[in-house]
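Please look over the sequence and the structure shown below before reading on.

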Amino acid sequence: MQQYLDLCQRIINDGTWIENERTGKRCLTVINADLVYDVQHNQFPLITTRKSFWKAAIAELLGYIRGYDNAADFRVLGAKTWDANANENKQWLENPHRKGPDDMGRVYGVQGRSWSQPDGGNIDQLAKIIDDLSRGVDDRGEILSFYNPGEFHMGCLRPCMHTHNFSLLGDTLHLTSFQRSCDVPLGLNFNQVQVFTLLALVAQITGKKPGMAYHKIVNAHIYEDQLPLMRDVQVKRQPFDSPQLVINPKIKSLSDLETWVTLADFDVVGYEHHDAIQYPFSV
């Protein structure tokens with residue numbers, strides 16, 4: 001929790017104002033942030049200086065794992081996070097590749113589960129990683145990447161959290177996740193939850209011990225209409241102790257995650273938090 005608050009304060013103190021062309025807003029911005037999460041000791045990085053809706057973050061992660069490309073499928077899981085980008089993004093609404101309401105295009109999980117090859121085939125990156133790790137193999141390329149410049153024009157949004165790199169040391173699994181851009185007041189807690197949970201899940205289904213998750217952010221920013229709430233409210237609150245994430249131990253395979261797993265298979269214990277803060281969202 002303290003690393004999150006330290007980053008927020010760093011942006012407030014040292015950030016540079018940058019105009020964002022996509023949203024038409026200014027962002028107070030810093031370059032390069034490194035966060036570390038102790039998955040081994042289950043120190044769940046859930047923000048406590050405001051109420052965090054962690055269930056939606058895990059629901060979105062499940063949608064990525066399943067390769068969903070439609071906001072309606074995410075809503076069924078419990079995440080409304082793609083509604084705006086799928087249905088309110090003017091450029092996407094005018095894009096000939098958009099198939100209709102709620103279509104997201106070839107973004108995130110689609111790339112992770114069905115990366116197009118020039119010969120017409122596709123690559124299931126996640127299945128390869130799970131197979132390798134289950135056999136105790138780390139070929140130093142256990143990489144799940146959503147970043148496909150050749151298909152940016154076929155999706156509603158470029159991936160922000162774009163690459164997850166797994167590393168196996170003995171029987172302990174670590175994760176390094178890379179993020180090109182981060183809306184710190186709104187997006188970062190989602191991203192923290194997802195990085196932590198992804199490592200915990202992959203370790204569980206491959207029979208490994210979870211280790212450390214390293215979260216690397218290139219461009220960390222606070223939008224100008226978010227700054228007063230962050231500066232005058234959130235960073236002034238005292239954080240509570242980290243809660244713990246509980247995952248159903250019956251989840252044993254990638255197939256389980258693709259089929260029957262729901263939010264009911266996850267719980268957070270010991271979560272104390274301050275009141276929610278309604279930060280503006282920029283489409």
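**A contact in a loop, a helix and a core**

The side chain of D225 makes a polar contact with the side chain of K25, at 2.6 Å. This comes from a predicted model, and the points below begin with the surroundings of D225, then turn to helix α1, the largest nonpolar core and the cysteines.

**Around D225**

- D225 is found in the loop that runs between β8 (209-223) and α9 (227-232), and with a relative accessible area of 30% it counts as partly exposed.
- When residues up to four places away in sequence are not counted, D225 touches K25 and P280.
- Although D225 and C27 are 198 residues apart in sequence, their C-alpha atoms are 8.9 Å apart in space.

**Helix α1**

- Helix α1 (residues 2-14) has 13 residues, which at 1.5 Å a residue should span 18 Å, and this agrees with its end C-alpha atoms, which are 18 Å apart.
- The buried residues of α1 are Y4, L5, L7, C8, I11 and I12. These residues lie on the same side of α1, because they cover an arc of only 160 degrees around the axis.
- On the other side of α1, N13 and D14 are exposed, whereas the buried residues of the helix pack against β2 (25-38), α8, β8 and α9.

**The largest nonpolar core**

- The largest nonpolar core has 81 residues, and those with the most contacts inside it are Y4, W82, V184 and F266.
- Helix α8 (residues 187-206) gives the most to this core, contributing 12 residues.
- If its neighbours within four places in sequence are left aside, W82 is in contact with E60, Y64, A71, F74, M104, V107, Y108, C156 and L157.

**Cysteines**

- The count of disulfides in the model comes to zero. C27 is in no disulfide, because the nearest cysteine sulfur, that of C182, is 11 Å away, whereas a disulfide needs the two sulfur atoms within 2.5 Å.
- C182 is likewise in no disulfide, and the nearest cysteine sulfur to its own is that of C160, which is 8.0 Å away.
- C27 counts as buried at 4% relative accessibility, and C182 is also buried, with a relative accessible area of 1%.

Methods
Residues are numbered from 1 along each chain as its sequence is written. This is a predicted model: local features need pLDDT of at least 70, side-chain atom pairs count only at pLDDT 80 or more; totals for chains, interfaces and linings use all residues. Side-chain values use heavy atoms; hydrogens and water are left out. Buried means under 20% relative accessible area, exposed over 50%, partly exposed in between (1.4 Å probe, protein chains only). A nonpolar core is a set of buried Ala, Val, Leu, Ile, Met, Phe, Trp, Tyr and Cys residues joined through side-chain atoms within 4.5 Å. Helices (H or I, at least four residues) and strands (E, at least two) are DSSP runs, numbered from the N terminus. Contact means heavy atoms within 4.5 Å. A polar contact is a pair of N or O atoms within 3.5 Å; within protein, one must be able to donate a hydrogen and the other to accept it, and residues adjacent in sequence count only if both atoms are side-chain atoms. The expected span of a helix is 1.5 Å times one less than its number of residues. The arc is that of the directions from the helix axis to the C-beta atoms.
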